[in-house]
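Thanks for coming. Please have a look at it first.

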Amino acid sequence: MELFDYLAQSDSAGTTTQQTQPATDTPPEGGAQGPGGLLGGGSFLWIMIGGMALFMYFFVIRPQRKEEKRKKEMLSSLKKGDRIVTTSGILGTVASVKDETVF
């Protein structure tokens, strides 16, 4: 504390410097929250991470898996003579079906 008193004393020109007041542990008025915030230290962060994971699952991963399953079922049900439209819009008829190819 002596250092602060020394710094607060007047300098060589005779002018005084502003004195500092000691910090208090009481929170400021107006309902401001301390470092913990409303939900505590890291709780809000974990809630947001969990929310983003749920969002990614329901709007990205789950629909993609559904589409893959539907596509597999459709490809496995193809047989010789089925009329199809390719993704590029070409009309065709299935001539033969092998393990990984459809002609």
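Helices (H or I, at least four residues) and strands (E, at least two) are DSSP runs, numbered from the N terminus. On that basis the chain has two helices and two strands, and along the sequence they come in the pattern α-α-β-β.

Some housekeeping. This is a predicted model, where local features need pLDDT of at least 70 and side-chain atom pairs count only at pLDDT 80 or more, while totals for chains, interfaces and linings use all residues. Residues are numbered from 1 along each chain as its sequence is written, and side-chain values use heavy atoms, with hydrogens and water left out.

Now the chain as a whole. Of its 103 residues, 4% are buried, where buried means under 20% relative accessible area, exposed over 50%, and partly exposed in between (1.4 Å probe, protein chains only). A contact here is heavy atoms within 4.5 Å. Among contacts with a separation of 6 or more, 3% join residues 24 or more positions apart.

Next, the largest pocket. A pocket, on a 1 Å grid over the protein atoms alone, is an open set of points where a 1.4 Å probe fits, with protein on both sides within 12 Å along at least five of seven lines; lining residues have an atom within 4 Å of a point. Its volume, the space filled by probe spheres set on the points, which are joined across faces, edges and corners, is about 270 Å³. Helix H2 (43-76) and strand E1 (83-85) are the elements that give two or more residues to the lining, and H2 gives the most, with five. The lining includes Glu67, Arg70, Leu78 and Val102.

Which residues does Leu78 touch, leaving out those up to four places away in sequence? They are Ile84, Val94, Val97 and Val102. Leu78 sits in the loop between H2 and E1, and it counts as buried because its relative accessible area is 14%.

A polar atom of the Asp82 side chain lies 2.9 Å from the backbone nitrogen of Lys79. Beyond four places in sequence, Asp82 touches Ser77, Gly92, Thr93 and Val94.

Notes:
A polar contact is a pair of N or O atoms within 3.5 Å; within protein, one must be able to donate a hydrogen and the other to accept it, and residues adjacent in sequence count only if both atoms are side-chain atoms.
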